[in-house]
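Have a look at the model first, then dig into the points below.

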Amino acid sequence: MTPSPVLPPFLWQLFQRLRRRGFALGPTDYEALRQALRAGFGWTSRESLRDLCNSLWAKSQREQETLTALFEQLAPDPDDWQYSLEDDDSSADGTESPKSEQPDLESKAPNKTVPRTESRGGLPSISLADVKVSERPFVFVPQFPLTYREVAQTWRRLRRPVRFGAPIELDIEGTITRRSRLGVATTVVLQPRRRNMTRLLLLVDRQGSMDPFHRFCDEVCTAIQQAGRLEETALYYFHNVPAEGADEQVLEALTGQLFPVLDPVLPQIQPLTEGCLYSDPDLLSPKPLADVLQSYAVGGAVVLISDAGAARNRYRISRLLDTIAFMKALRTYTSHYVWLNPLPKRYWLNNTAAHIARHVPMFPLDLDGIQRAVNVLRGQQHIIERPL
């Protein structure tokens with residue numbers, strides 16, 4: 001019987017904490033660590049064990065940073081534990097529960113000096129003999145409505161496979177057709193491999209009412225860019241609306257209404273591409289809007305991320321007019337576009353966001369929202385109240 005390694009107790013605590021932080025880990029992953037140790041990996045030092053955990057349980061750089069921080073927090077000093085190999089009958093038949101490896105904290109607790117305070121008044125002294133004071137720093141990890149993994153997995157569904165490049169893949173049908181036509185065993189027919197040729201343009205609202213969502217939007221955009229597996233992803237920023245300066249004379253027909261809708265004048269609104277987008281989040285490097293759309297929107301997909309005025313719960317007819325004019329211009333470049341709003345749908349009532357959502361496919365920036373948005377970009381029909 002092959003000796004089964006007795007894992008250091010803190011590894012089970014590390015495993016549980018990673019699961020609580022959203023890591024996609026299961027019993028097979030914990031068993032994989034046990035098998036790797038049994039094969040001789042991770043024994044040489046504390047750092048090698050940490051690297052082994054990273055290679056088995058972390059799937060991105062961000063997850064590696066989290067795992068490393070938790071490992072450094074939980075792993076005791078090397079003098080307090082060591083690896084060992086023991087014959088373990090319960091693990092040999094696969095019935096052992098990881099709970100059996102719970103640490104005996106009392107027996108392994110280091111013998112350290114107990115801090116004490118002295119009382120200078122009439123109160124008795126305070127003893128911390130029974131209190132375990134942590135000497136390691138806390139590990140703070142942002143908790144967003146969407147995890148990096150959820151965003152990446154969702155956007156990998158946005159695919160437009162096209163055979164491109166050198167012929168390296170076997171074409172079975174072509175090979176059979178050629179040999180049937182010639183009647184001899186000719187060489188096989190090769191064809192290029194399929195690649196995802198989807199191009200995506202991300203337009204993100206910045207500053208003002210979007211300040212509280214900056215880190216969340218950055219996390220979403222980073223996940224799409226790094227793990228979305230798209231052919232090309234471009235990221236540009238704007239403030240409030242991508243284009244400004246629509247002809248407001250069309251609004252003269254709506255005078256007298258407290259909250260006018262644009263339906264009566266919708267055909268008179270002209271497409272608008274006058275304006276600038278910014279290639280940096282601080283809005284310091286402007287690029288002509290028309291050039292960006294011509295470079296990235298033609299034949300691709302476009303995603304706008306903005307609260308559309310929902311955060312301040314205001315209705316601005318000028319903002320609605322400029323947005324509709326821009327969306328009309330965008331339709332001349334591509335028909336695949338969606339709007340993601342970081343605020344839940346209940347905040348869209350009676351403000352500019354509610355009116356924009358009547359004309360544009362708008363979804364909340366949560367798991368269900370991005371899944372529905374990707375479905376629309378893939379060609380699934382979405383009913384809106386008043387299409388442009």
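A crossing is called left-handed if the near helix is turned anticlockwise from the far one by less than a right angle, and right-handed if clockwise. Helices here are DSSP runs (H or I, at least four residues), numbered from the N terminus. Keep in mind that this is a predicted model, where local features need pLDDT of at least 70, side-chain atom pairs count only at pLDDT 80 or more, and totals for chains, interfaces and linings use all residues. Residue numbers start from 1 along each chain as its sequence is written, and side-chain values use heavy atoms, with hydrogens and water left out.

**Helix pair**
- Helix α1 (residues 9-20) packs on helix α2 (residues 27-38) at about 150°, with the axes 11 Å apart; axes are lines fitted to C-alpha atoms over the stretch in contact, and angles run from 0 to 180 degrees between N-to-C directions.
- That makes α1 roughly antiparallel to α2 (an angle over 145 degrees).
- The α1/α2 crossing is right-handed.
- On the α1 side, Leu 11, Trp 12 and Phe 15 meet Asp 29, Tyr 30 and Leu 33 of α2 (contact: heavy atoms within 4.5 Å).

**Second largest pocket**
- This pocket holds about 330 Å³ of space, a volume being the space filled by probe spheres set on grid points joined across faces, edges and corners.
- A pocket is an open set of points on a 1 Å grid over the protein atoms alone, where a 1.4 Å probe fits, with protein on both sides within 12 Å along at least five of seven lines.
- Its lining has 16 residues, with Arg 21, Val 141, Pro 142, Thr 147 and Tyr 148 nearest the centre (lining: an atom within 4 Å of a point).
- The largest share of that lining, three residues, comes from α4.

Conventions. Helix = DSSP H or I, 4+ residues; strand = E, 2+ residues; numbered from the N terminus. Parallel < 35°, antiparallel > 145°, perpendicular 65-115°, else oblique.
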